[in-house]
Every structure is written in structure tokens, then in C-alpha cells.
Amino acid sequence: MESWPSPIVPTLGPGGRPVRVRDTSSGELRPTAPGEVARLYVCGITPYDATHMGHAATYLAFDTLVRAWRDAGHHVHYVQNVTDIDDPLLERAVATGQDWRDIARRETQLFREDMEFLRVVPPDDYIGAVESIPSVVTCIQGLRERGAVYDVEGDLYFDISADPLFGDVSGLSRDEMLALFAERGGDPLRPGKRDPLDPLLWRSARPEEPAWDTPLGHGRPGWHIECVAIALDHLGMTFDVQGGGRDLIFPHHEMGASHAEVLEGARPYARDYVHAGMVGLDGVKMSKSLGNLVFVHRLREAGVRPGAIRLAVLTHHYREDWDWTDAGLHEAEERLARWCRAASLPAGPPAESTVADMRVAVANDLDTRSAIVAVDNWADEAIARGGDSGEAPARIRDAVDALLGVDLSD
Ligand code: 5CA
Ligand code: ZN
């Protein structure tokens with residue numbers, strides 16, 4: 001699929017720091033990306049509705065990782081999927097009388113426009129589930145050769161007992177897994193399954209549902225195997241970071257790791273599993289199914305600047321759960337105005353220690369909050385000095401742009 005145009009990311013030269021992130025599986029803060037190329041997979045949208053601030057916050061978290069890695073001197077190979085065939089799309093199509101393909105096309109295009117507006121660095125490979133069906137089929141055939149697939153009335157399931165290390169991504173108890181599996185698209189109660197937690201790999205064709213002719217029969221892919229097929233195709237085994245929101249830890253990332261490790265007979269699937277917190281509205285997780293949403297395109301249409309949206313998100317640590325509020329957006333707009341004012345003065349305080357503090361902060365588990373405090377301090381001093389003496393603020397503008405994606409010149 002087409003990705004979206006990239007913003008220009010300034011380079012800051014020597015002095016970038018090695019990046020550490022918290023890995024969900026081990027619970028540790030770990031150094032990332034030992035190689036020259038940092039390999040990242042972030043789970044993309046299911047395009048049945050517009051991008052809300054929860055999605056945007058998750059993509060901004062991983063955008064910060066991309067920027068921190070680049071600053072540390074890595075080339076980044078970034079892959080993201082689009083779940084352009086799945087139950088929620090088909091349900092929305094039935095509910096609204098539209099073609100599921102038109103919904104997917106329209107909402108994916110809106111997502112691209114939102115990401116471009118927010119100055120998010122695009123993935124190098126932006127891959128749809130539908131275009132990946134041949135790869136999904138190859139993966140399922142490979143799992144079948146390893147004895148990890150069985151049939152329930154024509155649908156194919158993954159046998160989690162094929163993976164002796166099943167559960168090591170989430171570290172959840174079986175009861176917790178069962179509850180989340182039922183809540184997040186699983187079918188623990190279906191008769192004929194060997195284990196209630198076994199996930200669907202392939203769904204045979206149902207009347208009125210789209211299906212593809214493949215060596216596995218007429219049907220469509222399950223969810224977890226979609227991301228595995230795309231990640232293995234484009235990044236290969238043992239890539240650096242598997243990212244997404246916290247709601248994907250179980251079952252999605254647990255199942256993905258399990259599929260890939262059984263298929264490849266190697267581990268780990270990803271070195272680190274990194275998860276962003278959930279963004280809510282008035283104390284409730286923002287979700288398409290609940291309808292309590294703040295859409296990026298609505299803010300865009302209301303004339304809110306992308307830098308203000310970025311700062312409203314990046315003042316929170318990416319791992320925390322937080323609520324989107326008008327007050328938070330207003331505070332971010334005021335901060336952006338103050339930063340722009342400071343950066344437009346002819347001279348200001350020396351930049352280098354502020355830039356160094358920002359680089360340390362983002363490399364330390366994407367601590368954008370501390371990076372923002374460093375810029376606040378610089379801006380306060382610049383305004384207090386009144387622009388009479390000191391350094392030109394170009395270096396600060398570059399660092400704010402490179403690391404936080406905020407353009408102070410617009
Ligand atoms: N297509 C799948 C992933 S393969 C999917 O989860 N799509 S989604 O549209 O539901 O979510 C897209 C991304 O936004 C996921 O990483 C998800 O974890 C994240 N996300 C969803 N809701 C929120 C929220 N309220 N706060 C933060 N992140 C969220
Ligand atoms: Zn995914």
C-alpha cells in the first residue's frame with residue numbers, strides 16, 4: 001500500500017544516545033537495536049472508523065522511538081500493517097450498507113492524512129492484510145507441517161500446546177488470559193477446540209462474507225497471523241521492537257510471538273515488546289466500539305496546530321494511561337506559542353546543554369516529558385533575556401523538530 005509523505009527530520013550530528021525501552025515481556029528497561037539497522041513493527045489500524053487520539057498517541061510514541069533511533073545513528077526499517085479485512089469492518093459494512101472495501105479505503109486514506117498532518121515519520125513498508133493473504137497462507141502451511149494446526153468445521157486453529165513457552169510475552173495467569181481472550185476477539189467457548197485459548201488462523205468462507213481462493217480453501221485470514229506474515233516477510237525473525245497499544249499485549253502479541261517461534265523453530269520473535277498506555281476520555285478508554293472519541297481530523301478541521309496536538313500527547317509518558325482533555329490541549333497550545341516566541345528571538349541562551357538533556361531524555365525510554373521540561377527552561381530564559389545576547393536559536397529549533405516532531409517556525 002501507499003504510505004504517506006515523510007516530514008523532513010533534521011539531523012543533529014554526533015551526540016545521540018543509545019536508546020533504552022521497557023520490554024513488556026521481561027519488565028526490564030533494556031538497550032535496543034544492537035545492529036546498524038533498527039527494525040520496528042508497529043501494529044496498524046483496523047480502518048472501519050477515523051483515527052482517534054488514542055491511536056494517534058500510540059503512533060506518536062513509536063514516532064518518538066524512530067526519531068530517537070535516528071538520532072542515535074541507526075537506519076530504521078519500519079513496518080506497519082493495515083487490518084483491511086476483519087470482523088469489525090464487515091460489521092460496519094452491514095450496519096451502514098456500504099462496501100467493506102470502500103470503508104477500508106476511505107478510512108485508511110484519512111489515517112494517512114492525519115499522520116502526515118501530525119508529522120509522523122511513515123513506515124518504509126505499509127502493508128494491508130488483503131495483499132498479504134499469500135504470505136499468510138504460506139505461514140499457516142508451515143505451521144501445519146510442524147503439527148501446530150487443526151481443523152474445527154473447516155476453520156483452522158493454532159494449537160498453543162505446540163509452544164512450550166506460550167505466555168512469556170504477557171506473563172499473565174491462565175484466568176487473566178481467558179478473560180482477555182473473550183474480550184478481545186477470541187472464541188474461548190467454541191466447541192471442538194483443543195484449548196479454549198487456541199486462536200483462529202483461517203476462517204472458511206461464510207455466506208455474505210468476502211473470501212479468497214487459496215491452497216487452504218476458500219476463506220480469509222485470522223488476525224494474529226496477519227501481523228506475523230507481514231513482519232517475517234519484511235523484517236525477518238528477531239527484529240528489534242514489536243510495538244502497539246497496551247490492549248495488544250494479550251492475545252495479539254502473545255499469539256504473534258507464539259506463531260512465529262513455532263513456525264521458525266527459533267526465538268525470540270521480537271527482542272523487545274513495547275506498549276503504549278491507553279488514552280481515555282472522561283475516565284473511559286477511547287474506543288471505536290464505545291464511541292467516546294476525539295478524532296484527529298476534527299481537531300485538524302478546527303484549526304488546531306499539529307505541534308499543539310503533539311505536545312498535548314508528549315507531555316505524558318507513553319506508558320501511562322491518561323485522559324485527553326480540552327485543558328490539556330489548551331496548555332499545549334500555550335506552550336507551543338511560548339516556544340515559538342522564544343525561538344523567533346534573534347538570540348537566546350546557549351543551546352547545547354538543552355539539546356543534550358533532550359537527547360538523554362528521549363533515549364531513556366522515550367521520556368518526552370523531561371525533554372519538554374528542558375525546552376521549557378530554555379524558552380523561559382530566552383524570553384527573560386529578551387533576545388539581546390547569546391546564541392541564535394536555530395539549534396534548539398532543529399532539536400525540537402528532530403526529537404519531538406514539533407516545527408517552531410510555522
Ligand atoms: N489492526 C489492529 C492491530 S494489528 C488494531 O488493534 N487496530 S486498532 O485500530 O484497533 O488500533 C490501532 C492501534 O491503536 C493499536 O496499536 C492499538 O493498541 C492502539 N489503540 C487503540 N485504542 C487506543 C487507545 N484508547 N489509547 C491508545 N492506543 C490505542
Ligand atoms: Zn497487529
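The structure is a predicted model, in which local features need pLDDT of at least 70, side-chain atom pairs count only at pLDDT 80 or more, and totals for chains, interfaces and linings use all residues. Residues are numbered from 1 along each chain as its sequence is written, chains are lettered from A and ligands numbered from 1 in the order in which they are written, and side-chain values use heavy atoms, without hydrogens and water.

Helix α2 spans residues 87-96. Helices (H or I, at least four residues) and strands (E, at least two) are DSSP runs, numbered from the N terminus. Leu89, Leu90 and Ala93 are the buried residues of α2. Buried means under 20% relative accessible area, exposed over 50%, and partly exposed in between (1.4 Å probe, protein chains only). Viewed down the axis of α2, these buried residues fall within an arc of 95°, so they line one face of the helix. The arc is that of the directions from the helix axis to the C-beta atoms. The cover over the buried residues includes α3 (100-117) and β10 (217-221); contact means heavy atoms within 4.5 Å. Glu91 and Ala95 are exposed, on the face turned away from the buried side of α2. Glu91 has a relative accessibility of 55%.

The zinc ion (ligand 2) has Cys43 (SG), Cys227 (SG) and His252 (NE2) as its protein donors, 2.1 to 2.3 Å away. Donors are N, O and S atoms within 2.8 Å of the metal (3.2 Å for Na, K and Ca); water is not among the atoms, so sites may look incomplete. The four donor atoms subtend angles of 100 to 121° around the zinc ion, which makes the arrangement tetrahedral. Four donors count as tetrahedral if all angles lie between 85 and 135 degrees. Cys43 sits in the loop between β3 (37-42) and α1 (53-71), and His252 in helix α7 (residues 249-264), 209 residues apart. Cys43 is buried at 5% relative accessible area. His252 is buried at 3%.

Five strands form an open sheet in the order β5-β4-β3-β11-β12, with parallel pairing. Its edge strands, β5 (125-128) and β12 (270-276), each pair on one side only. Two strands pair if DSSP finds at least two bridges between them. Six bridges join β11 (residues 239-245) to β12, and Gly244 has His275 as its bridge partner in β12. Helix α7 lies across β11 and β12, at about 170° to β12. Axes are lines fitted to C-alpha atoms, for helices over the stretch in contact, and angles run from 0 to 180 degrees between N-to-C directions.

Technical notes. Four donors count as tetrahedral if all angles lie between 85 and 135 degrees; four count as square planar and six as octahedral if opposite donors are over 155 degrees apart and all others between 65 and 115; anything else is irregular.
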